[in-house]
Amino acid sequence: MSLKRIENKVLSGKRLTPEDALTLFKSDDIFTLGRMASHAAREKNRNKVYFIRNHHINPSNICVNRCKFCAFSRSKGDKGAYELSIREIIKKLRAQSTEHRNQTKRTSSKKTGKHSLLVTRYASLPYTEVHIVGGLHPDRPFDFYLELLTAIKKKYPDIHIKAFTAVEIDYFSKISGLSISDTLRALKKAGLDSLPGGGAEIFNERVRNRICPEKIEGSKWLKIMEKAHSLGIRSNATMLYGHLETYKHRIEHMLKLRELQDVTGGFQAFIPLAFHPKNTNIKDAQYTSGIDDLKTIAVSRLFLDNFPHIKAYWIMLGEKIAQLALLFGADDLDGTIVEEKITHSAGALSGSAMTKSELIHLIKKAGRTPVERDSYYNPLHRYGS
Ligand code: V47
Ligand code: SF4
């Protein structure tokens, strides 16, 4: 099908087929693609681009899986292997930027409307969300993770804990002897609020076996997400691209996510993750190109018509391509981050933290309206032009 006919489908709100998505990926007309994706994003989120004040924490890089694309993980006893205690993790969360303190003084004095109430609720916190993922540790018991959640919630009752990929959930179920449902229930009771989208990588079995042979199958990842959604735990979904996969594999991956989302509606955002090759065991791989990054954001916005949000993860895209992604269908610029290890172990060229004003600046300069959000995309504060 020609781009013009696909554009007509987009304008009339019709669902794209996998063949349409392939045509989009193969096209060199990046401007038409951007226009279509931007239209689709505006239909869902108007001119808004969300951001969040979050803090990434990786409790340990010791992992029994040792995926070939992962430069972050170590085996126990290796040089560079680390494990943080619960006390050390809480200490990291305590660090508070001066910028946040000043912002808090300003926003907490406004007492009008629902948004100000939400802002007031979070006002004493430097971040509204903590994002926790790590390696599959060979010795740490399941109780460690439950205690970690409990300790964070005790110290910061209002913070949203988005933690543990489906791969970690599967591992916890194995080490605890609990079913997947009971593992999720126990985590939720201890303070887990939602799941991040990591570990999805690429669902195609052949490619998955080449890049992460020890990792759970794609079908298991999807089953765990389905279970989480049925228990009222929302999640994200990712796709690792730019390694050994083809466009068809990317579309097959997104199709599986779209089908599950039709059933559960539990995914909040889709995040394409640009593969970083440095220090990995993927031979001859290169960094992704800016054009491929923008195409992947745009095609995902167009194809995943039932996903409310497409996230531009600036850590992997770089600050400037992430800003351009806001004109190619992304409506969420993630986030303050504070500390990033996974991508930086693999040669990320970006920084590892952004302040709120830097995020607002990038969004405004893209002609969009910055909106600080909570973890369920409720607006906390809107920044006019
Ligand atoms: O699961 C590992 C990926 C993921 C590399 O849900 C790599 O809001 C690129 O999932 N090059 C963790 N990627 C990050 C992640 C994430 C990030 C931001 C937001 C959210 C969210 C989730 O990073 C891993 C894996 O897929 N990864 N190694 C690498 N060399
Ligand atoms: Fe372990 Fe996750 Fe790295 Fe794979 S991607 S080696 S599961 S930390």
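## Overall fold

Among contacts in the protein between residues at least 6 apart in sequence, what percentage join residues at least 24 apart? In this predicted model, the share of such contacts that join residues at least 24 apart is 75%.

The protein contains 17 helices and 11 strands, and its C-alpha trace spans about 55 × 55 × 40 Å along the principal axes. Because a compact globule with 385 residues would have a radius of gyration near 21 Å, the 20 Å found for the protein agrees with that expectation.

## Burial and the nonpolar core

Of the 385 residues in the protein, 59% are buried. In soluble globular proteins, nonpolar side chains tend to be buried together. Here the largest nonpolar core has 111 residues, and those with the most contacts inside it are F164, W221 and L257. The element that gives the most to this core is helix α7, covering residues 142–155, which supplies 7 residues.

The surroundings of L257 can be followed in the structure: leaving aside residues up to four places away in sequence, L257 touches F203, W221, L222, A237, T238, F267, F270, L304 and F307. W221, listed among these neighbours, is itself one of the residues with the most contacts inside the core.

## Helix α9 and its cover

Helix α9 runs over residues 180–190, and its buried residues are I180, S181, T183, L184, L187 and A190. Just after α9, the chain reaches G191, which takes a positive phi of about 135°.

I291 is found in helix α13, which covers residues 290–303. Is I291 buried or partly exposed? I291 counts as partly exposed because its relative accessible area is 47%, a value that lies between the limits of under 20% for buried and over 50% for exposed.

## Surface and charge

The protein exposes about 16,400 Å², of which carbon and sulfur atoms supply 51%. As for charged side chains, the protein has 62 positive and 41 negative ones, and the centres of the two sets lie 5 Å apart.

Key: Residues numbered from 1 in each chain as written. Chains lettered and ligands numbered in written order. Predicted model: local features only at pLDDT ≥ 70, side-chain atom pairs only at ≥ 80, totals over all residues. Heavy atoms only, no water. Core = buried A, V, L, I, M, F, W, Y, C linked by side-chain atoms within 4.5 Å. Buried < 20%, exposed > 50% of the residue type's maximum accessible area, 1.4 Å probe, protein only. Helix = DSSP H or I, 4+ residues; strand = E, 2+ residues; numbered from the N terminus. Contact = heavy atoms within 4.5 Å. Rg over C-alpha atoms; globule rule 2.2 N^0.38 Å. Areas by Shrake-Rupley, 256 points an atom, 1.4 Å probe, with all protein chains shown as cover. Lys, Arg positive; Asp, Glu negative; His and termini not counted. Charge placed at Lys NZ, Arg CZ, Asp CG, Glu CD.
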